[in-house]
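Thanks for coming. I have one structure to go through today, and I will keep it short. Please look at the sequence and the model while I talk.

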Amino acid sequence: MAEMLPTTMRAAVLRGKEDLRVEDVPVPRAGAGELVLRVDAALTCGTDLKVFRRGYHAKMLTANRLFGHEVAGTVVEVGEGATRFAVGDRVLPLNSAPCDACFFCRNGQQNLCDDLLFNNGAYAEFISIPARIVEKNTHRIPDTMPFEHAALTEPLACVVRGLEQTEARAGQTMIVLGAGPIGLLFIHAAAIEGLHVIAIVKRRDQVETATRFGAAHVVRLADVDDPVQAARSFTPEARGADIVIEAVATPEAWEMALHLARKGGAVNLFGGPPAGTTAAFDTNLIHYSDLNIKASFHHTPATAQRAFEMLASGRFDCEAFLTGTASLEDVPEVFHNMLTRPPEGTAPEIKTVIHPAHAPRPIASEHSLVGETA
């Protein structure tokens with residue numbers, strides 16, 4: 001039996017560039033094949049920050065829309081024909097689903113689907129899940145798994161796809177440029193999969209953070225004359241890494257990445273700079289080093305499944321990524337604060353947990369991280 005839902009709810013609405021407001025909006029109702037969830041946890045995200053800064057996203061949403069996409073919650077209404085889930089189920093819906101009919105889907109590239117359906121509205125008391133996402137990209141959360149852990153699935157699914165594209169495997173050496181949330185996800189996921197990870201970071205506090213998340217060596221740009229040489233010195237015979245992940249999204253980082261790979265190595269230009277950005281590459285280096293250059297966008301249902309299983313297995317230290325909590329009413333302030341980096345030496349927030357359905361709970365300040373024992 002469905003909950004008796006209110007007619008209105010509080011939700012964060014993106015009204016324009018750096019204009020995010022928590023307003024009263026209608027509570028969604030479940031159409032055919034759809035679900036309505038009570039939002040039990042939503043997470044802040046670097047992509048949402050870019051959308052907030054720009055006022056739009058080329059693929060995900062435009063202004064005057066509900067905001068947020070990393071979410072987990074409890075089913076409160078089931079639409080006609082939706083048979084996979086029932087009221088009361090704890091579920092993790094991804095933020096997109098492919099059509100599985102277009103050229104790209106048939107070619108095994110569902111992330112490039114011509115009709116990729118996106119969903120937003122995580123920063124709200126309730127959220128509607130479209131029928132296609134219900135059917136293709138929603139997971140039942142085990143009773144022992146906190147909602148906020150499950151909500152990490154979407155960013156980790158993007159990282160898993162990046163690892164799969166570069167054919168990462170245990171025993172390889174990987175260099176990760178950047179120690180923001182995505183860089184840390186790459187460091188941690190690669191470390192627990194048995195790769196030897198070297199991180200290149202900018203800030204002093206990122207040295208400790210990257211190490212705690214599993215980096216065997218960390219190079220801080222300001223501490224060395226030649227960061228490329230310094231990072232390569234930690235690879236076997238200083239020949240460069242088997243895999244290089246760029247997670248900074250600047251032309252300078254894209255260009256540096258190619259110089260960090262060994263001959264025959266793989267480079268994943270994961271960070272997405274703004275439209276119109278250009279970078280210059282040494283064509284001789286690419287050709288005679290036989291470099292394999294890739295770029296990753298988004299995720300697929302298969303990488304979402306793998307990411308969800310990794311989180312549910314207990315191998316991934318989910319709690320370490322959750323460094324703050326906030327109420328739904330605080331969401332605009334949270335994003336304004338994210339625009340400014342904290343002072344040098346201050347540990348930055350990685351993910352803030354929004355609990356629209358109830359008061360935010362404390363996040364532990366100390367975590368046991370794989371990097372401390374690896």
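This is a predicted model: local features need pLDDT of at least 70, side-chain atom pairs count only at pLDDT 80 or more; totals for chains, interfaces and linings use all residues.

The average pLDDT for the protein is 93, and 94% of the residues score at least 70. There is one stretch to treat separately: over residues 361–374, pLDDT stays under 50. For that stretch the model has 31 contacts beyond four places in sequence.

Now the strand. Please find β5, which covers residues 70–78. Buried here means a relative accessible area under 20%.

What does β5 pair with? One partner is strand β3, residues 35–43, which is joined to β5 by eight bridges. Those two strands run antiparallel. If you want a specific pair to look at, take Ala-41, whose bridge partner in β5 is Ala-72. Another partner is strand β6, residues 90–93, with two bridges to β5. This pairing is antiparallel as well. Here the pair to look at is Thr-74 and its bridge partner in β6, Arg-90.

Next, the salt bridges. How many salt bridges are there in the model? The count comes to 16. I will go through a few of them.

Start with Arg-21 and Asp-19, which form a salt bridge with their closest N and O atoms 2.8 Å apart. Arg-21 has 41% relative accessibility, so it counts as partly exposed. Asp-19 has a relative accessible area of 23%, so it is partly exposed too.

Then go back to β3, residues 35–43. A salt bridge joins the side chains of Arg-38 and Asp-40, at 3.3 Å from N to O. Are the two residues buried or partly exposed? With a relative accessible area of 25%, Arg-38 is partly exposed, whereas Asp-40, at 5%, is buried.

How values were computed. Residues are numbered from 1 along each chain as its sequence is written. Side-chain values use heavy atoms; hydrogens and water are left out. Buried means under 20% relative accessible area, exposed over 50%, partly exposed in between (1.4 Å probe, protein chains only). Helices (H or I, at least four residues) and strands (E, at least two) are DSSP runs, numbered from the N terminus. Two strands pair if DSSP finds at least two bridges between them. A salt bridge is a side-chain nitrogen of Lys or Arg within 4 Å of a carboxyl oxygen of Asp or Glu. pLDDT is the predictor's confidence in each residue, from 0 to 100. Contact means heavy atoms within 4.5 Å.
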